[in-house]
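Hi everyone, thanks for making time. Let me put the sequence and the model up, and then we can walk through them together.

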Amino acid sequence: MVERHAAVWRRSTKCEATSCVEVSDLGKQVGLRNSDHPETAIQFPVERWREFVAGVRAGEFDHPA
């Protein structure tokens with residue numbers, strides 16, 4: 001497992017300035033943090049993260065029109 005302080009964090013391609021979402025591969029976990037507060041991060045099991053991303057791509061979290 002990769003320690004959070006040694007992790008390589010990637011920013012969302014939708015980031016324009018500050019307060020960007022960053023993610024990192026932590027081995028069996030995926031880390032998620034706000035670039036303005038990098039000291040605070042949350043972790044998810046890889047499978048849960050994949051399910052979340054699939055839901056985003058499928059429009060599961062879109063606001064109703």
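Which cysteines form a disulfide, and how far apart are their sulfur atoms? They are cysteine 15 and cysteine 20, with the sulfur atoms 1.5 Å apart; a disulfide here is a pair of cysteine sulfur atoms within 2.5 Å. The structure holds one disulfide.

A quick word on the source: this is a predicted model, where local features need pLDDT of at least 70 and side-chain atom pairs count only at pLDDT 80 or more, while totals for chains, interfaces and linings use all residues. Residues are numbered from 1 along each chain as its sequence is written, and side-chain values use heavy atoms, leaving out hydrogens and water.

Back to the two cysteines. Cysteine 20 is buried, at 3% relative accessible area, whereas cysteine 15 is partly exposed at 24%. Buried means under 20%, exposed over 50%, and partly exposed in between, with a 1.4 Å probe and protein chains only.

Now the sheet. Four strands make an open sheet in the order β1-β2-β3-β4, with antiparallel pairing. β1 (10-11) and β4 (41-45) are the edges, each with a single partner strand, so one side of each has no neighbour in the sheet. Strands are DSSP E runs of at least two residues, and helices H or I runs of at least four, numbered from the N terminus; two strands pair if DSSP finds at least two bridges between them. β2 (residues 21-25) and β3 (residues 29-34) share five bridges, and valine 23 has leucine 32 in β3 as its bridge partner.

Finally, phenylalanine 61: it is found in the segment after α1 (46-57) and is partly exposed, at 46% relative accessibility. Thanks, all!
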